[in-house]
Amino acid sequence: MATKKSRLYIPRPMARPGDEPDFSYLDLADAGTIDKPSINARTRDIEYLSSGLVRILDDEHRAVGPWNPGIDAADLQIALRWMLLNRAFDKRMFQIQRQGRISFYMEAAGEEAVSIGAAMALRAGDMCFPSYRNQGLYMYRGVKLVDMMCQCLSNTKDMCKGRQLPIMYHSRAGNVFSISGNLATQYPHAVGWAMASAIKGEDHIAVSWLGDGSTAEADFHHALTFAAVYQAPVILNVVNNQWAISTFQGTAGGERRPFAARGLGLGIPGIRVDGNDLLAVYAVTLWAADRARRGGGPTLIENVTYRAGAHSTSDDPTKYRPKDEWAAFPLGDPVERLKQHLIAEGHWSEDKQSALEEELKAKVLAAWKEAQQYGTMTEGPFLDAATMFDDVYAETPYHLESQRRRMRAIESGNGDSSDGGTS
Amino acid sequence: MPQMNMIEAIRSALDIVMDQDPNVVILGEDVGYFGGVFRCTDGLQRKYGDHRVIDAPIAEGGIIGAAIGMGVNGLRPVAEIQFADYIYPGFDQIVSELARLRYRSCGEFFSPVTIRTPCGGGIRGGQTHSQSPEAIFAHVSGIKTVMPSNPYDAKGLLISAIETDDPVLFFEPKRIYNGPFDGDPEKPAVSWSAHPKGEVPDGYYTVPIGTAEVVREGSEMTIITYGTLVHVAVAAAEATGVDVEIVDVRSIAPLDTETLVASVNKTGRCMIAHEATRFGGYGAELAARIQKDCFWNLEAPIGRIAGWDTPYPHAFEWQYFPGKKRMVAGIRSLMEVE
């Protein structure tokens, strides 16, 4: 049966370790060349947005074209600051994981504009359903660095009370949902939240993010179907950072049509955007948000970017892709590009950049010093383990209270942990 | 005899069946070029090509559904689900399709899929990398469910699993991939090289599905367990000085009732231990069997030790995990019953 030569097509990345990086597969477009339609445009009339690439920052670091949102220099400096903070935070937490002081970490390096650009375009009442690489959203929406660190440390000030892996934050106050370790599950949640917003007659929208790899999950398709059927006020972002763990975006089906085109069959407009161009991410998000708020329904946005670091602290990317691949990525580094734009416009300098980087490094370090006071994995104070029985249900049932007592007895060195059939 | 850890033993089993049978294919997330996040398929794509060791899209339902179709068309697929915690998007395909295909088509169609998946806690994986969902699948008629506790059994059972025409869920306790674990996280890690079951023949052999094994003989009580907790039970038995007999279930379904019943009828006391949550757990099925078949020989109520009925908490992994302390206390208390 399987003795003849296989005729199956197997997608293979352009470059593996030892090969020259090769991004010739990426369809690019010059900055400013993609038309900006009215937010009332019909999906069939704007299909070009899903195959083009909305870019605003050009090779000379100018902001050009119809999508240019004309953001004030002061606001762009703030954006730069958020991206740098995200990067400084990640750098420190990655080191801390390497020292064995937290169990796990995931960096967003290279993808900072995806979170910050979108966050700037949203309103406080809009609800975010992030993936695990959107830590920038939590920062932008008011979660303190020290609180994020305490989560990673599972310490006495941990918002998750020690129950979640590092980076799986949540922020009810900031309208950023709880992160799951399972992929794509947040996508239908965002659609449902948006449907509820419409049912309640409100103009809040929902926004979600997932990776190119996660588009293969059924939940991605469920979300698109519901969003299309009910014209839910939702923005669905695909963060195409080229790599799932070791598999490239072609393994998720990105070789023939862009991810932005996934919704066209359902009538959902798609926009393919330069995810490393903060202005472009901001502009397309604002367009999609206005459209959703005015009853125009969902938009699927593909943010084309690159995962500069490992998938997580559990993998070594040099085992599956060229070591220097990021340096060859044609859309560059989002931080560097915004910095160069501000410099080109006369609103920034290398000196200011260095000073800001130092300031943020110190800010992160100060937060780290404070966070440790609330405990680490190895040094107290520690959370009370008995709290693990809280929040399983709204009210803790008898059998869990009984287990809590038994656990306490065992931990204090006296008592029986078994169940002789009593509960 | 060669020494292997559990990862090497699993890889050896896969290598042997792939070499013998060109219809065996592997599919899963990161299993190909990368060799799997736990390295169980390392080198197999280089050896057998990317048409037989297939990197799959991140879609567990798709992986299992496609594996079913491949199996119907004459292949013998081994699907890897990267963590047991990620198996749920494939649940419908397993329960409604894989498990029932033979029955609903009166044997005209079947699909001999093996699903390998790492399970269990002990690696600081938090609630999405630590679960033990074997009871959920043991509850489904039409699939076999297996969980080895050592490299020798892992290889022999995996070859059996791939060769059987029935679908098999093959749970791999990830905490003991690299060495046996007695439940004390403070102690330095131990390798399989010092363990008799770390001796694994290079060549073909099988361990039949549906057989339990007495891993420690004793006369005063029986602990029925499987997976990581087999090693915890052995350490706890030694710590108490009680003459405990330990039975490694190995095959969750079908269950080797005979070996379990013979042991409890001999010792008169029975403790059941698993890492999964207790309520509605697999231990309840075991307890019901033992109660029915050993009732007149039981000198104490059957005890159960299990994970608490909460999600697996990241920071309290060792308070959650039914480790040595809990096992020792359980043994002592069961022996106190007059």
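Among the contacts in chain A between residues at least 6 apart in sequence, 76% join residues at least 24 apart; two residues are in contact if their C-beta atoms, placed from the backbone, lie within 7 Å. This is a predicted model, where local features need pLDDT of at least 70, side-chain atom pairs count only at pLDDT 80 or more, and totals for chains, interfaces and linings use all residues. Residues are numbered from 1 along each chain as its sequence is written, while chains are lettered from A and ligands numbered from 1 in the order in which they are written.

**Chain A overall**
- Chain A has twelve helices and five strands, which are DSSP runs numbered from the N terminus (helices H or I, at least four residues; strands E, at least two).
- Its radius of gyration, taken over C-alpha atoms, is 23 Å, close to the 22 Å from the globule rule (2.2 Å times the number of residues to the power 0.38), so chain A is as compact as a globular protein of 423 residues.
- Along the principal axes, the C-alpha atoms of chain A fill a box of roughly 75 × 60 × 60 Å.
- Of the 423 residues in chain A, 50% are buried (20 or more other C-beta atoms within 10 Å of the residue's own; 12 or fewer is exposed, and in between is partly exposed).

**Where the chains meet**
- The contact takes 49 residues from chain A and 46 residues from chain B.
- On the side of chain A that touches chain B, helix H12 (residues 398–411) gives the most, with six residues.
- That side of chain A has 20 nonpolar, 22 polar and seven charged residues (Ala, Val, Leu, Ile, Met, Phe, Trp, Tyr, Cys and Pro count as nonpolar, Asp, Glu, Lys and Arg as charged, and the others, Gly among them, as polar).

**A look at A:Gly181**
- A:Gly181 sits in the loop between helix H5 (145–153) and helix H6 (186–199) of chain A.
- Because A:Gly181 has 19 C-beta neighbours inside 10 Å, it counts as partly exposed.
- Beyond four places in sequence, A:Gly181 is in contact with A:Leu165, A:Met168, B:Gly126, B:Thr128 and B:His129.

**A helix pair in chain B**
- Helix H3 (residues 60–72) and helix H4 (residues 91–98) of chain B pack at about 25 degrees, with axes 8 Å apart; axes are lines fitted to C-alpha atoms over the stretch in contact, and angles run from 0 to 180 degrees between N-to-C directions.
- The residues of this contact divide into four nonpolar, three polar and two charged.
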